[in-house]
Amino acid sequence: AQSVTQLDSQVPVFEEAPVELRCNYSSSVSVYLFWYVQYPNQGLQLLLKYLSGSTLVESINGFEAEFNKSQTSFHLRKPSVHISDTAEYFCAVSEGIQGAQKLVFGQGTRLTINP
Amino acid sequence: DTAVSQTPKYLVTQMGNDKSIKCEQNLGHDTMYWYKQDSKKFLKIMFSYNNKELIINETVPNRFSPKSPDKAHLNLHINSLELGDSAVYFCASSQGTGPRNEQFFGPGTRLTVL
């Protein structure tokens, strides 16, 4: 079974500073990786995903993540964060099991932006 | 328009009671899910339905019984509630069951068992 490890439970940064949220997954033949964001008191929203092709994927709000097969990582980065980026971020790996999709989530990283 | 909706948003109840959470999606998806998020924010899948058929059951106590009356609805009924059932329950949906699909999540139902 797949597993995901998010190495930091909390990441505090100052506004306009760069940030990296780390994610490592267990190795598998086919890997489909997702980053979801959960704003306070809301459900999860897809931020970006890697399915195949280019190892660098981007979101519309300035986040990017790089799939690194040799290091089994899918770290999320943003060069300059805003107060509005304060949220919980979840890395997930998707596996097909018995004809169904199963998302396996990491423990989440709370990103706190300080002014 | 809300894509995936859940009712109620908050649910406070006593141990031993039976309660239901409803989920509806208007995305035309054929696959729906229930997830449980515990107090440490850890998310774990509970059930998955495709075209009203159960396809994933992640070793959830049989006090939990999902029901899918049609493809747009997946309700969760919980019998004999226990303190450990306190959590946020999220419904989600996707088009198809393949591992590449995006899942769309509802806003969550915060269940508190006293």
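The largest pocket in this predicted model holds about 430 Å³ of space. Of the 27 residues that line the largest pocket, those closest to its centre are Gln38(A), Asn41(A), Lys41(B), Val88(B) and Arg110(B). The second largest pocket has a volume of about 190 Å³. Chain B has eleven strands and zero helices.

**Largest pocket**

- Four strands each supply at least two residues of the lining: β10 (87-97) and β12 (109-114) of chain A, and β9 (87-94) and β11 (109-113) of chain B.
- The element that gives the most to the lining of the largest pocket is β11(B), with four residues.
- By residue class, the lining of the largest pocket divides into eleven polar, ten nonpolar and six charged residues.

**Second largest pocket**

- The lining of the second largest pocket is made up of 13 residues, and Lys36(B), Lys44(B), Ile45(B), Met46(B) and Val60(B) lie nearest its centre.
- Two or more residues of this lining come from each of β4 (31-37) and β5 (43-50) of chain B.
- With three residues, β5(B) gives the most to the lining of the second largest pocket.
- The lining of the second largest pocket divides into six nonpolar, six charged and one polar residue.

**Open sheet in chain B**

- Four strands of chain B form an open sheet in the order β1-β3-β8-β7, and their pairing is antiparallel.
- The edge strands of this sheet are β1 (4-7) and β7 (64-70) of chain B, each of which pairs on one side only.
- From one strand to the next, the twist averages 20°.
- Strand β1(B) runs antiparallel to β3 (residues 19-25) of chain B, and four bridges join the two.
- Within this pair of strands, Gln6(B) stands opposite Cys23(B), a residue of β3(B).

**Chain B as a whole**

- Along the sequence, chain B reads β-β-β-β-β-β-β-β-β-β-β.
- The radius of gyration of chain B is 13 Å, close to the 13 Å that the globule rule gives for 114 residues, so chain B is as compact as a globular protein of that length.
- Taken along the principal axes, the box filled by the C-alpha atoms of chain B is roughly 35 × 30 × 30 Å.
- Of the 114 residues in chain B, 45% are buried.

Terms used:
Residues numbered from 1 in each chain as written. Chains lettered and ligands numbered in written order. Predicted model: local features only at pLDDT ≥ 70, side-chain atom pairs only at ≥ 80, totals over all residues. Heavy atoms only, no water. Pairing = 2+ DSSP bridges. Axes fitted to C-alpha atoms, helices over the stretch in contact; angles between N-to-C directions. 1 Å grid on protein atoms, 1.4 Å probe; cavity = no way out; pocket = protein on both sides within 12 Å on 5 of 7 lines; lining within 4 Å. Points joined across faces, edges and corners; volume = space filled by probe spheres on them. Nonpolar A, V, L, I, M, F, W, Y, C, P; charged D, E, K, R; others polar. Rg over C-alpha atoms; globule rule 2.2 N^0.38 Å. Buried < 20%, exposed > 50% of the residue type's maximum accessible area, 1.4 Å probe, protein only.
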